Amino acid sequence: MELEELKILWKEEAEKEVSAHKVNVDEIRGVITRKSQSTIAAVKKTMKMKVVVTGLTSIICLATVFFGLTDSLSESLGKFMNATQMAIMYSILGVSLGTISVFNFFNHIRITDFERSVLPTKETIQHVAKIIKGAMSLGTYSDLIVSPFIFAFVGYAYFYREEVFQFDIRVLYVLLVYAGGLAFSYFTNKYAMQKRFGNDLDRLKGYLKELEL
Amino acid sequence: MSEQEFVQKVTESQGIVHKVCGMYCDNEEDKKDLFQEILIQLWKSYPSFRGDSKFSSWMYRVSLNVAISNLRKSKTKKEDSTLPESFDSISKESDEQSLSLEKGLLRDAIEQLNEIEKGIMVLYLEEKPNDEIDEIMGITQNHVRVKMTRIRTKLKETLNPG
């Protein structure tokens, strides 16, 4: 069979395909209101969730400091941290989470803008790869602000029990717990992101290579 | 720019989407999913269509971009679909139908191509000129020619073995 014959065959088959699958106006109207199942849609959904969760938590943390609720919190936590230390901890958490929320918010806007644009295939693949890489980095690094902090908090609670903070060898222990938490979170997050998006990213890189050859 | 106008235009030109789905998917379930994804993306990006290019070129560009780069989530559960009962009935019919020799050859030929080559191939089979192909794919005309030569060689080997 020659290529021209293939072209004719394609036309015949394409005609059959089109007439067999033809949908009407109402069906098309129904489809466009559905939610996308693409990886990009999943990335956007995760970002949206992070904007809300980290944003709300940030507001709660900062409000706790602003309205002076750290005194009563310090009391209820067995006084192992005084009100000032608690205020510092909540401020750091509030600002960190707020930053993550804002970062996710702007990334979400950027992806939405990209979705509305129509670029040539090569540029589209480059953008999608960039979005996926960004989602992987965000998933790996954004949690590094909070998770090790929780490890350190637990370490602090353990080493200082009901005592007020003192600058001694226990600070080193807490720092070691923080570093351990940081390493653990980093590798866990990286593995999870690789598992979730790694294959997609590799495929896109393969397509780009194909378009550059 | 109204929904009515969009739906009307897409209904008239839906053949483009079906052809792209036919090139990239070999089963009805995947075709149905891809068809939905493409329509959703067409609607999202419709405000950016300003008529600088032909509506059909714009549709090919969006459809191929979705087919190639919008990696679809692997399904663990199927959502209820508002789409096309026609797809389901076809699925059953297709399963029952045995492939003709020529149709089988066409399918074999397509399967030899990677996702990028399939994109170029669908445009070639639809007799799009090289400048339109390079505009859609984002590569140079020279590159399109090189790709077409490779595709032809690959296809000839499949279509005329031995």
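1. A quick definition to start: a crossing of two helices is right-handed if the near helix is turned clockwise from the far one by less than a right angle, and left-handed if anticlockwise. By that rule, H6(B) and H9(B) cross in a right-handed way.

2. Bear in mind that this is a predicted model, where local features need pLDDT of at least 70, side-chain atom pairs count only at pLDDT 80 or more, and totals for chains, interfaces and linings use all residues. Residues are numbered from 1 along each chain as its sequence is written, while chains are lettered from A and ligands numbered from 1 in the order in which they are written.

3. Back to chain B: helix H6 (residues 101–111) and helix H9 (residues 141–159) have axes 9 Å apart and pack at about 140 degrees.

4. Who touches whom here? Leu105(B), Asp108(B) and Ala109(B) come from H6(B), and Leu155(B), Thr158(B) and Leu159(B) from H9(B); contact takes C-beta atoms, placed from the backbone, within 7 Å. By class, this contact has four nonpolar, one polar and one charged residues.

5. Now chain A, where the axes of helix H5 (residues 83–116) and helix H7 (residues 143–160) come within 9 Å, crossing at roughly 155 degrees. H5(A) is therefore roughly antiparallel to H7(A), and their crossing is left-handed.

6. On the H5(A) side, the contact uses Leu93(A), Ser96(A), Leu97(A) and Ile100(A); H7(A) brings Ile145(A), Val146(A) and Phe149(A). The tally by class is six nonpolar, one polar and no charged residues.

How values were computed
Axes are lines fitted to C-alpha atoms, for helices over the stretch in contact, and angles run from 0 to 180 degrees between N-to-C directions. Helices (H or I, at least four residues) and strands (E, at least two) are DSSP runs, numbered from the N terminus. Angles under 35 degrees count as roughly parallel, over 145 as roughly antiparallel, 65 to 115 as roughly perpendicular and the rest as oblique. Two residues are in contact if their C-beta atoms, placed from the backbone, lie within 7 Å. Ala, Val, Leu, Ile, Met, Phe, Trp, Tyr, Cys and Pro count as nonpolar, Asp, Glu, Lys and Arg as charged, and the others, Gly among them, as polar.
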